[in-house]
Amino acid sequence: MRLPGQGPNRETGGVFADVTPAPPDPILGLGELFKADPRADKLDLTVGVYCDETGRTPVMEVVRAAQAQLIAAETSKTYQPIAGSATFAAVVKELVAPGDAATQARLEVAQAPGGTGALTVAGRLLWSTYPDATVWISDPTWPNHRGIFADCGLEVRTYPYYDADTATVRFDALLEALAAVGPHDAVVLHGCCHNPTGQDLTAAQWAQVGAVLAERGALAIVDTAYIGLGDGLEEDATGLRAMVASGADVAACLSFSKNLGLYGERAGALVVAGHSPEQAELVQSRVKACIRTIYSNPPITAGVIVATILASPELRAGWHAELAEIRDRINGLRAGLAAELAGRNLDRCRGTATGKGMFALTGLTRDEVLRLRDEAAIYLVENGRMNLAALTEATIPRFVDALEKLS
Ligand code: LMR
């Protein structure tokens, strides 16, 4: 790493002369390395993308149908409103608080470019109101959380979350840590399918955390990228709905990347839950001001696809069916991997059987992850996280063989 003033073009001066190289992204940065690997049997278990049995990441049939409708009906590519369309907002409210008009009245929705876009707007909103606020993230968490909130100028601290020995949530330690959360701080919670551990809070624990945050006057940022991939769309929304009902201020950051397979379309939403419709509306005016200076207004295609599918009873039913297939396959892979490990008495990937969603922590050290890459062409994130949703019935034994060889 070069020090400031030692860049290759120092003699020419200028801003770029002092630029030092950024480290590769811990997740997306591995894609390039994987692509360049010439080994035919290489296996990519890094980024959280669902693959079917043939290794493809399919476009859902309901997405194809919504796209066809969009192309047939589209008359203009003019800008969307800053927060996206009213239809998009209505379907997202219905997802967050189905059939509950009173709750929906105190929700405001802004379409965002993916979950990352929504988190960025939430961070900017907090910074622009309370620049001295601290954002609390779980230990461990999705690495991008720290970067997103630090780049907003906010201090980032961690709260304990996971016991690697027992592969369970350290709930008492978490509660204890929340005692240090100040008024106007934010606590980032994973709505479901915790990334990277797969271990979630119970409904009772969600209610307890909500009560503490409400009492402390802190903001709950609920990163909700995986509803529908754990137990079901309704079941997986339990935590989010409990938080909205808790009386805490809530900024929910939704992603449709995984549950609609819209990864590259950047389909997400920021949902603000205020204490009253008036308060939510006021906060939304700030949300829109933040959006305007970050990306101005959201992408048309992503918003129309989501709104079309969720607003149509027929397409919504089709979505539920396709999503159930994906969820069942992931859960089958979980069970298959857990059985293979148990069959060989291998004490790895401890939370596999009990976890939810795409991810499990293998418990491998960084050195072991690198060995797995070198010796078996199997790629994991360096913190030992694996994407179960990229395994197949055929690759499970190969993966476990490779784990066995590490010991
Ligand atoms: C992941 O954690 O792999 C996904 O959420 C993709 C990403 O953007 O990191």
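A helix here is a DSSP run of H or I with at least four residues, and helices are numbered from the N terminus. The structure shown in every view is a predicted model.

**View 1. Ala-86 in helix 3.** Ala-86 is found in helix 3, which covers residues 86-96. Its relative accessible area is 65%. Exposed means over 50%, so Ala-86 counts as exposed. Ala-86 and Glu-53 are separated by 33 residues in sequence. In space, the distance between them is 38 Å, C-alpha to C-alpha.

**View 2. Helix 3 packed with helix 12.** Helix 12 is made up of residues 300-311. The axes of helix 3 and helix 12 lie 9 Å apart, and the two helices pack at an angle of about 55°. Because of that angle, helix 3 is oblique to helix 12. The crossing in which helix 3 passes helix 12 is left-handed.

**View 3. Residues where helix 3 meets helix 12.** On the helix 3 side, the residues are Thr-87, Phe-88, Val-91 and Leu-95. On the helix 12 side, they are Gly-303, Val-306, Ala-307, Leu-310 and Ala-311. Of the residues in this contact, seven are nonpolar and two are polar, and no charged residue takes part.

**View 4. Asp-37 in a loop.** Asp-37 sits in the loop between helix 1 (30-36) and strand 1 (43-44). The relative accessibility of Asp-37 is 7%. Buried means under 20%, so Asp-37 counts as buried.

**View 5. The surroundings of Asp-37.** With neighbours within four places in sequence left aside, Asp-37 is in contact with Lys-42, Ala-377 and Tyr-379. Asp-37 and Arg-373 are 336 residues apart in sequence. The distance between Asp-37 and Arg-373 in space is 9.8 Å, C-alpha to C-alpha.

**View 6. The protein chain behind the close-ups.** The protein chain has 15 helices and 13 strands. Its radius of gyration is 22 Å, close to the 22 Å that the globule rule gives for 407 residues, so the chain is as compact as a globular protein of that length. The C-alpha trace spans about 60 × 60 × 50 Å along its principal axes. Of the 407 residues, 51% count as buried. Among contacts between residues at least 6 apart in sequence, 73% join residues at least 24 apart.

Methods:
Residues numbered from 1 in each chain as written. Predicted model: local features only at pLDDT ≥ 70, side-chain atom pairs only at ≥ 80, totals over all residues. Heavy atoms only, no water. Axes fitted to C-alpha atoms, helices over the stretch in contact; angles between N-to-C directions. Parallel < 35°, antiparallel > 145°, perpendicular 65-115°, else oblique. Left-handed = near helix turned anticlockwise from the far one by under 90°. Contact = heavy atoms within 4.5 Å. Nonpolar A, V, L, I, M, F, W, Y, C, P; charged D, E, K, R; others polar. Rg over C-alpha atoms; globule rule 2.2 N^0.38 Å. Buried < 20%, exposed > 50% of the residue type's maximum accessible area, 1.4 Å probe, protein only.
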